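Hi,

Here is the structure I promised you. Have a look at it first, then read my notes below.

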Amino acid sequence: MKKNIVNILATTGISLLLLSAAALSFHASCIYLKTVFQAFGVNIITHLGITGIKKMELKNIVTEMVLEITFIVCEILVFGQLFHWFTSLSFLVLVCMGIIIYIISLFLNLLQMKQEAKEINLLIQNRNKNQD
């Protein structure tokens, strides 16, 4: 649970940084506070959806990734209409942001798994030393 909360907050932070960069590139002067909460809510739903997709335990990782990206694009389409995001940014820009966030999240998950593997290996080594 703690890991999911951290991932949601990290993804929200990445989303807001990318949104700020996009806004600056289009010479925008501000981001509304409601956008922060909208991004947070959408990231919660994204993580719940991706968790659901992972529970399907698809055999092909590429199929799983395509399904996750499709879910993100559909989510952008729905929430873009609901929150009127398309008046500020185009659908293509938002989709690119979503895919970039997805790739960054995958990379961060890989780093986290690598760290967890190191910790597990260290625990195993310590246990083996204690048994000798």
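Phe-86 is partly exposed, at 25% relative accessible area; the label means between 20% and 50%, with buried under 20% and exposed over 50% (1.4 Å probe, protein chains only). Keep in mind that this is a predicted model, where local features need pLDDT of at least 70, side-chain atom pairs count only at pLDDT 80 or more, and totals for chains, interfaces and linings use all residues. Residues are numbered from 1 along each chain as its sequence is written, and side-chain values use heavy atoms, leaving out hydrogens and water.

Now for the rings. The whole structure has 3 aromatic pairs. Rings of Phe, Tyr and Trp (its six-membered ring) count as a pair if their centres lie within 6.5 Å; planes under 30 degrees apart are stacked, over 60 edge-to-face, and the rest tilted. Phe-83 and Trp-85 are a tilted pair because their planes are at 40°, with the centres 5.6 Å apart. Trp-85 is buried at 18%, while Phe-83 is partly exposed at 27%. Together with Phe-79, Phe-83 and Trp-85 make one aromatic cluster.

Back to Phe-86: its ring pairs edge-to-face with Phe-91, 5.9 Å centre to centre and with 70° between the planes. Phe-91 is partly exposed too, with 33% relative accessibility.

Last, check out Leu-108. You'll find Leu-108 in helix H4, residues 91–131 (helices are DSSP runs of H or I, at least four residues, and strands are runs of E, at least two, numbered from the N terminus). Leu-108 is partly exposed, at 39% relative accessible area.

Cheers
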